Amino acid sequence: MGKQIVRSADSVSANLAEGHGRYSYQDNQRFVKIALGFIKRNKTLVETCLRSQSFDSRTERSTASVIK
């Protein structure tokens, strides 16, 4: 699951950068919406890891405080 989280996080920044490089507002907004989808996916993946206790205790404490 960790690799999925990393890939999804990378996709957020890649889509924001791609959208920033576009010339029209509509193109930019399309990539921002895609990035938001990856953010929501990451939040779900992290919540799943927290529920299944897949993180060590230190990672769990720092992650739980960020997503709440």
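Me: Exposed means over 50% relative accessible area, and buried means under 20%. Which exposed residues does H1 carry on the face turned away from its buried side?

Reply: This is a predicted model, so keep that in mind throughout. On that face, H1 carries the exposed residues Lys-3, Arg-7, Ala-17 and His-20.

Me: And which residues of H1 are buried?

Reply: Ile-5, Ser-8, Val-12, Asn-15 and Gly-19. They lie on the same side of H1, because they cover an arc of only 90 degrees around the axis.

Me: Why would residues spaced like that point the same way?

Reply: An α-helix has 3.6 residues a turn, so residues three or four places apart point the same way.

Me: What covers the buried residues of H1?

Reply: The cover includes H2.

Me: Let's zoom out. How many helices and strands are there?

Reply: There are 3 helices and 0 strands. Along the sequence the pattern reads α-α-α.

Me: How much of the protein is buried?

Reply: 21% of its 68 residues count as buried.

Me: Which residues of H2 are buried?

Reply: Phe-31, Ala-35, Asn-42, Leu-45, Val-46, Cys-49 and Leu-50.

Me: Asn-42 is on that list. What is its relative accessible area?

Reply: 14%. The cut-off for buried is under 20%, so Asn-42 counts as buried.

Me: What does the side chain of Asn-42 make a polar contact with?

Reply: With the side chain of Ser-8, at 3.3 Å. Ser-8 is one of the buried residues of H1, while Asn-42 is in H2.

Me: Which residues does Asn-42 touch, not counting those up to four places away in sequence?

Reply: Gln-4, Ile-5, Ser-8 and Ala-9.

Me: Which residues make up the largest nonpolar core?

Reply: Ile-5, Leu-45, Val-46, Cys-49 and Leu-50, 5 residues in all. H2 gives the most to this core, with 4 residues.

Me: Take Cys-49 from that core. What does it touch beyond four places in sequence?

Reply: Cys-49 touches Met-1, Ile-5, Ser-54 and Phe-55.

Me: What follows H2?

Reply: Gln-53 does, and its phi is positive, near 55 degrees.

Me: Other end of H1 now. What is Leu-16 in contact with, leaving aside neighbours within four places?

Reply: Leu-16 is in contact with Val-32 and Ala-35. Leu-16 itself is in H1, residues 2-20, and Val-32 is in H2.

Me: What are the accessibilities of Leu-16 and Val-32?

Reply: Leu-16 is at 41%, so it counts as partly exposed. Val-32 is at 26%, so it is partly exposed too.

Me: How far are the C-alpha atoms of Val-32 from those of Asn-15?

Reply: They are separated by 6.8 Å, though the residues are 17 apart along the chain. Leu-16 and Lys-33 are also 17 residues apart along the chain, with C-alpha atoms separated by 9.2 Å.

Me: New topic. How many salt bridges are there?

Reply: A search of the whole structure finds 2. Arg-22 and Glu-18 meet in one, at 2.5 Å from N to O. Lys-43 and Glu-47 meet in a salt bridge at 2.8 Å, N to O.

Me: Why can such side chains pair?

Reply: Side chains of opposite charge can pair when their charged atoms come close.

Me: How many residues apart in H2 are Lys-43 and Glu-47?

Reply: They are 4 residues apart, so about one helical turn separates them.

How values were computed. Residues numbered from 1 in each chain as written. Predicted model: local features only at pLDDT ≥ 70, side-chain atom pairs only at ≥ 80, totals over all residues. Heavy atoms only, no water. Salt bridge = Lys/Arg side-chain N within 4 Å of Asp/Glu carboxyl O. Helix = DSSP H or I, 4+ residues; strand = E, 2+ residues; numbered from the N terminus. Buried < 20%, exposed > 50% of the residue type's maximum accessible area, 1.4 Å probe, protein only. Contact = heavy atoms within 4.5 Å. Polar contact = N/O pair within 3.5 Å; in protein donor to acceptor, adjacent residues only side chain to side chain. Core = buried A, V, L, I, M, F, W, Y, C linked by side-chain atoms within 4.5 Å. Arc of directions from axis to C-beta.
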